[in-house]
Amino acid sequence: MPLVTIGINHKTAPLDVREKVVFAPEQMNNALHELIELPGLREAAILSTCNRTELYCNLQETAPHGPVIDWLGQYHRFDSQSLRPYLYDFSDADAVKHTIRVASGLDSMVLGEPQILGQLKTAYGVAAEHGTLGKYLRRLFQHAFAVAKHVRTDTAIGSSAVSVAFAAVSLARQIFADLNQQRALLIGAGETIELAARHLRGNGLTEAIVANRTPERAARLANEIGAMAISLTDIPQVLHQADIIISSTASPLPILGKGAVERAIRQRRHQPMFMVDLAVPRDIEPEVGTLDDVYLYTVDDLERVVAENIASRYEAATQAEEIVAAQTEHFMGWLRAQDVVSLIRSYRDRAERTRDDVLHKAQRQLAQGRPPEEVLAFLAETLTNKLTHEPTAALDHAARDGRLELIAAAHELLHLPRDTNKP
């Protein structure tokens with residue numbers, strides 16, 4: 001029962017191709033039910049993000065992958081032949097390994113990022129809700145989630161900042177142990193400031209002020225994060241209230257000078273201020289860094305931190321890949337074991353029927369008055385002969401046919417000594 005992953009991601013396709021095969025949340029119900037109706041397809045789940053679209057499937061043994069690829073193209077009105085060069089198509093162990101690597105952040109644009117695990121859990125939940133998951137994909141996803149947790153616990157792959165915004169917030173946490181007690185002043189309203197704001201909120205900060213040259217943009221970001229919006233000209237009136245200042249604007253001249261920060265420090269009674277200047281050219285005069293009670297970092301400082309952290313993540317990724325390889329084999333062992341479940345069940349059923357037949361005969365002998373000792377001897381001997389007849393006959397035929405691997409397997413499985421006197 002092949003497990004298959006067919007997909008497209010940031011490594012295999014440009015954005016203008018990826019965006020053509022994205023599944024919107026409102027499409028998932030229809031898409032999953034169309035997908036599961038394909039011939040030979042037993043289970044299905046769909047993961048769709050800005051960086052990847054992947055179909056996870058359990059197919060019948062002889063079912064080809066082509067119809068799944070064709071369906072992906074047809075669903076999005078995209079010529080499947082034009083789509084194929086951008087696709088990857090993994091089966092069995094490769095599909096299992098890929099799923100675990102995705103969950104662990106090893107296949108992400110930003111190595112080790114945690115968001116993909118949540119997105120994969122959402123894909124799992126949606127497929128479960130719509131009834132397109134079965135025994136095998138359900139077990140695969142659960143295994144992948146467990147391994148991802150293992151990777152994050154036992155390696156440093158997700159413990160270091162790999163964006164300047166995240167690095168800024170990480171430094172703030174080192175200076176202020178509890179961000180819940182601090183207030184931030186965010187100068188600018190672009191992508192970097194927005195990302196920094198979200199990281200601050202995620203780390204417990206509840207009070208913030210957004211200052212921007214365009215009041216509308218400041219208000220828009222402030223509304224999103226529950227902050228107060230002001231214009232750049234209002235900064236001197238609120239600067240002393242800020243414990244954390246992060247600035248990233250396109251201003252050609254500095255926005256904060258040494259004199260304004262000195263006044264703010266005096267108003268704060270020399271409580272420390274943490275300042276990060278992410279702008280080029282700088283928003284904060286370099287001389288501010290000479291003031292006591294001010295911790296000033298520039299974008300160059302943080303980029304060095306980020307570069308070191310990226311190198312650290314790649315080192316951790318080596319450990320993570322070892323965990324993934326071992327856990328892939330662990331899952332494949334479970335998968336192979338499922339192939340013999342029906343065989344084991346059939347063998348046990350036959351053994352139980354044999355037992356019941358011999359037991360019935362023994363009970364009749366007791367009813368006829370035969371001594372219990374004779375009946376027990378009959379029961380033991382007959383049951384032993386019947387249960388061992390087919391296996392011993394099979395071993396005899398294997399020996400006569402030269403199938404030595406079966407003989408060796410029997411020795412190993414039954415823990416029987418080999419006849420060392422034989423050549």
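Ile344 counts as partly exposed because its relative accessibility is 47% (buried is under 20% relative accessible area, exposed over 50%, partly exposed in between, with a 1.4 Å probe and protein chains only). Keep in mind that this is a predicted model, where local features need pLDDT of at least 70, side-chain atom pairs count only at pLDDT 80 or more, and totals for chains, interfaces and linings use all residues. Residues are numbered from 1 along each chain as its sequence is written, and side-chain values use heavy atoms, leaving out hydrogens and water.

You'll find Ile344 in helix α14, residues 341-367 (helices are DSSP runs of H or I with at least four residues, strands are runs of E with at least two, numbered from the N terminus).

Now hop over to His10, in the loop between β1 (3-9) and α1 (15-18). His10 is buried, at 18% relative accessible area. Setting aside neighbours within four places in sequence, His10 is in contact (heavy atoms within 4.5 Å) with Arg18, Asn51, Arg52, Asp107, Ser108 and Met109.

Next stop is helix α9, made up of residues 191-202. Its buried residues are Ile193, Ala196, Ala197 and Leu200. They sit on the same side of α9, because they cover an arc of only 105 degrees around the axis (taken from the directions from the helix axis to the C-beta atoms). As a rule, an α-helix has 3.6 residues a turn, so residues three or four places apart point the same way. The buried residues of α9 pack against α8 (164-175), β5 (183-187), α10 (215-225) and β8 (244-247). On the face turned away from that buried side, α9 carries the exposed Glu191 and Gly202. Just after α9, Gly204 has a positive phi of about 105 degrees.

Key
Expected span 1.5 Å × (residues − 1).
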